[in-house]
Number of protein chains: 2
Amino acid sequence: MQRVADLDTPSMVVDLDKLEANIQRLQASLDSLGLANRPHIKTHKIPAIGHMQIAAGAKGITCQKLGEAEIFADAGFDDILIPYNLVGAPKMERLTRLARRVKMTVAVDGAVAARAIAEACDAAGVEVTLLIEVDTGMHRAGVQSPEDAQTLARSIADSPGVRFGGLMCYPTKPAMVAFHAEVRDRLTRDGIPLEQFSGGGTGAQQVSKDAGCTEHRSGTYSYNDLSVWRAGNCELDQCAMSVLVTVISTSCPGFSTIDGGSKTFTNDALQTTGVNGYVREFPEIYLEKMSEEHGVLNLSRLTDASARPRVGDKIHVIPNHACGTTNLHDVVYGYRAHGSRPTDGTLSGDELIEVEWPVPARGKIR
Amino acid sequence: MQRVADLDTPSMVVDLDKLEANIQRLQASLDSLGLANRPHIKTHKIPAIGHMQIAAGAKGITCQKLGEAEIFADAGFDDILIPYNLVGAPKMERLTRLARRVKMTVAVDGAVAARAIAEACDAAGVEVTLLIEVDTGMHRAGVQSPEDAQTLARSIADSPGVRFGGLMCYPTKPAMVAFHAEVRDRLTRDGIPLEQFSGGGTGAQQVSKDAGCTEHRSGTYSYNDLSVWRAGNCELDQCAMSVLVTVISTSCPGFSTIDGGSKTFTNDALQTTGVNGYVREFPEIYLEKMSEEHGVLNLSRLTDASARPRVGDKIHVIPNHACGTTNLHDVVYGYRAHGSRPTDGTLSGDELIEVEWPVPARGKIR
């Protein structure tokens with residue numbers, strides 16, 4: 001089997017032991033809370049990993065774009081939520097085509113989007129379940145009040161072609177306890193059942209439980225990344241994904257340069273820290289700056305200057321944002337560490353590649 | 001012909017009149033300065049646009065990655081510069097394979113990279129021209145002093161398999177005048193000819209001329225973007241590329257949400273301004289925040305609230321960074337405006353799609 005250390009760079013690699021443990025851990029957490037698991041596949045965009053999540057107990061999946069949903073429906077996933085207003089005639093045609101073969105649920109936040117979906121589904125003779133998105137602070141979509149949710153729910157409940165399912169939010173926040181209760185009261189008086197409440201956010205499982213959610217959507221938990229780690233929702237050692245890069249220049253005092261930048265990692269930055277990636281093999285070194293194809297490692301914390309990486313060294317960088325990184329890579333290498341795993345986070349050289357996954361939902365922006 | 005207004009969204013679109021004018025303008029500027037033009041194709045990653053640049057007078061092209069160079073060599077480009085240390089055995093094999101069929105020039109900044117290329121070329125029986133990269137302030141690669149340039153030039157000149165070509169820098173800075181002169185003096189004393197000096201940076205043509213460059217590399221000029229505009233190197237109306245998006249939510253007071261975010265535009269942000277994109281049709285509205293698939297338009301500058309975009313409206317967003325945006329799109333639509341072109345920057349509805357270009361060098365990170 002090919003060794004990770006022999007891969008050309010940059011290459012996105014996934015530690016399969018850690019990936020499997022991450023999937024089991026989140027599933028166990030949701031099982032103990034009695035919440036259904038509906039993982040968001042935008043983090044990996046790979047059906048094989050989605051199947052691992054289903055096998056662990058997930059009831060369905062979340063896709064952000066119809067293009068993702070089409071690929072996952074082709075791969076056998078039959079219960080798909082799109083937590084996002086779908087707008088426009090081409091999308092109505094694709095949604096109804098999907099709804100003919102799998103259970104589709106879509107979140108909406110207003111009458112225009114809800115009506116268009118209802119009319120398209122009615123004309124096509126299919127049914128889609130609609131959830132009402134509630135804004136919990138992202139200020140990008142979602143109804144603003146229980147009154148607005150009630151008005152929209154009534155309109156959905158009265159429309160052919162769609163079925164009113166309940167509520168959806170991201171991320172779940174404590175304020176959802178009261179909001180959900182009030183919407184439920186209002187709809188009970190209207191005789192409209194509120195069956196489903198979909199909460200979300202890696203690390204927000206307990207909040208979803210408290211708010212009365214029936215299911216929870218997490219994405220990043222499968223890989224984890226520096227953002228999840230900084231939020232306190234994983235250990236650094238639980239980051240399953242990293243990018244293998246090569247040191248290509250040491251000419252600038254205080255810095256080393258790698259062959260990956262914003263076109264490898266994204267510029268989804270931790271602005272407040274100036275740290276855009278951690279280097280597994282050199283815990284004192286961090287990715288500070290990125291151009292498109294250059295990443296600049298800051299060496300100022302190095303206590304032993306002779307431990308500085310040299311031109312040609314291959315190192316693993318854990319990025320800020322797994323989901324953005326995934327979207328830049330056509331292929332991902334899954335490896336497993338054999339022999340003794342070093343306890344300091346470095347790789348032993350015995351990491352063998354078990355699987356090479358294409359990323360078929362990469363770039364599915366429509 | 002299909003109209004731009006009928007495209008599904010998000011879709012990356014290019015105004016062909018503006019693209020052609022941008023290509024002619026930069027070529028005329030370099031012609032008047034007597035500098036050869038070696039455009040960087042990373043901005044568009046499309047051979048057809050590279051051929052337009054060659055037809056306008058460019059002498060060769062610049063590619064950042066071997067994967068780009070392989071695609072452009074297949075498309076008939078025969079003079080390719082990679083301004084970037086190539087390191088590692090797989091890359092040596094690919095470089096020598098390319099050098100068998102096209103003229104390859106590579107920039108290096110140290111003995112390790114130079115020696116590896118020389119040995120690989122010598123073993124393969126091919127010759128690659130090496131330029132020495134000079135650091136002009138990016139602090140990511142490049143020799144730091146004329147002495148270091150001289151030492152490296154001597155070593156390259158003595159090596160079989162490679163030919164010493166000269167210097168390379170990005171971006172060209174005024175300090176290059178003295179640096180270049182001193183390196184030239186030192187190498188003249190050594191009997192080593194310094195034939196080529198490759199400068200770069202959209203808008204830095206005159207600086208390259210003053211520094212004694214023989215050629216100039218610009219990339220972003222073909223499309224232009226908000227970064228080029230803010231640097232004073234183009235008019236907003238000369239931005240040829242934009243992304244057609246749909247307004248999908250108006251539920252949050254003061255904002256409208258579009259169906260594109262950091263996976264459509266990148267997070268290559270103009271941090272200081274909070275403006276991440278301009279909307280052609282609504283000059284008072286700007287793209288403020290981005291999630292992965294949501295973009296949030298700030299409406300606070302709107303003088304006429306009734307002019308607020310509605311759910312379903314399609315609008316064109318000019319992004320911060322054309323090169324990063326290109327790398328997220330599998331296809332680009334080239335259109336031409338017919339009938340009278342509105343003078344306020346909006347589209348007339350008569351923009352007809354003439355060409356649908358795949359982006360074959362997208363995602364070529366190796």
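Residues are numbered from 1 along each chain as its sequence is written, while chains are lettered from A, and ligands numbered from 1, in the order in which they are written. Because the model is predicted, local features need pLDDT of at least 70 and side-chain atom pairs count only at pLDDT 80 or more, whereas totals for chains, interfaces and linings use all residues, and side-chain values use heavy atoms, with hydrogens and water left out.

**View 1. The interface of chain B and chain A.** In this view 62 residues of chain B are in contact with 62 residues of chain A, contact meaning heavy atoms within 4.5 Å. The size of an interface is often given as the accessible area lost when the parts come together. Chain B and chain A bury about 5000 Å² between them, with 50% of it on carbon and sulfur atoms; buried area is the accessible area (1.4 Å probe) that two parts lose on being put together, summed over both.

View 2. The rule finds 12 salt bridges across the interface of chain B and chain A, where a salt bridge is a side-chain nitrogen of Lys or Arg within 4 Å of a carboxyl oxygen of Asp or Glu; over all chains, the structure holds 50 salt bridges. One pair to look for is A:D8 with B:K91, a salt bridge whose closest N and O atoms are 2.7 Å apart. This pair crosses between chains, with A:D8 in the segment before β1 of chain A and B:K91 in helix α4 of chain B. Another salt bridge joins B:D330 to A:R362, with the closest N and O atoms 2.9 Å apart.

View 3. A rotation of 180° with 0.0 Å of shift along its axis superposes chain B on chain A, with RMSD 0.0 Å. The two copies are thus related as by a two-fold rotation axis. The superposition is by least squares on the C-alpha atoms of residues with pLDDT of at least 70 in both copies. Of the residues of chain B, B:N267 comes closest to the rotation axis, its C-alpha lying at 2.7 Å. Because 100% of the interface residues of chain B are also interface residues in chain A, the copies meet through the same surface.

**View 4. The parallel sheet of chain A.** An open sheet of eight strands in chain A has the order β2-β9-β8-β7-β6-β5-β4-β3, with parallel pairing. At its edges stand β2 (36-37) and β3 (61-62) of chain A, each with a single partner strand, so one side of each is left without a neighbour in the sheet. Strands (E, at least two residues) and helices (H or I, at least four residues) are DSSP runs, numbered from the N terminus, and two strands pair if DSSP finds at least two bridges between them. β3(A) pairs with strand β4 (residues 79-82) of chain A in the parallel sense over two bridges, and A:T62 stands opposite A:L81 in β4(A).

**View 5. Backbone details in chain A.** A cis peptide bond with omega of about -5° joins A:T9 and A:P10, and A:P10 lies in the segment before β1 (11-15) of chain A. A cis peptide bond also joins A:Y170 and A:P171, with omega of about -20°, and A:P171 is placed in the loop between β7 (162-170) and α7 (176-190) of chain A. A:K45, found in the loop between β2 and α2 (47-56) of chain A, has phi near 60°, a positive value in a residue other than glycine.
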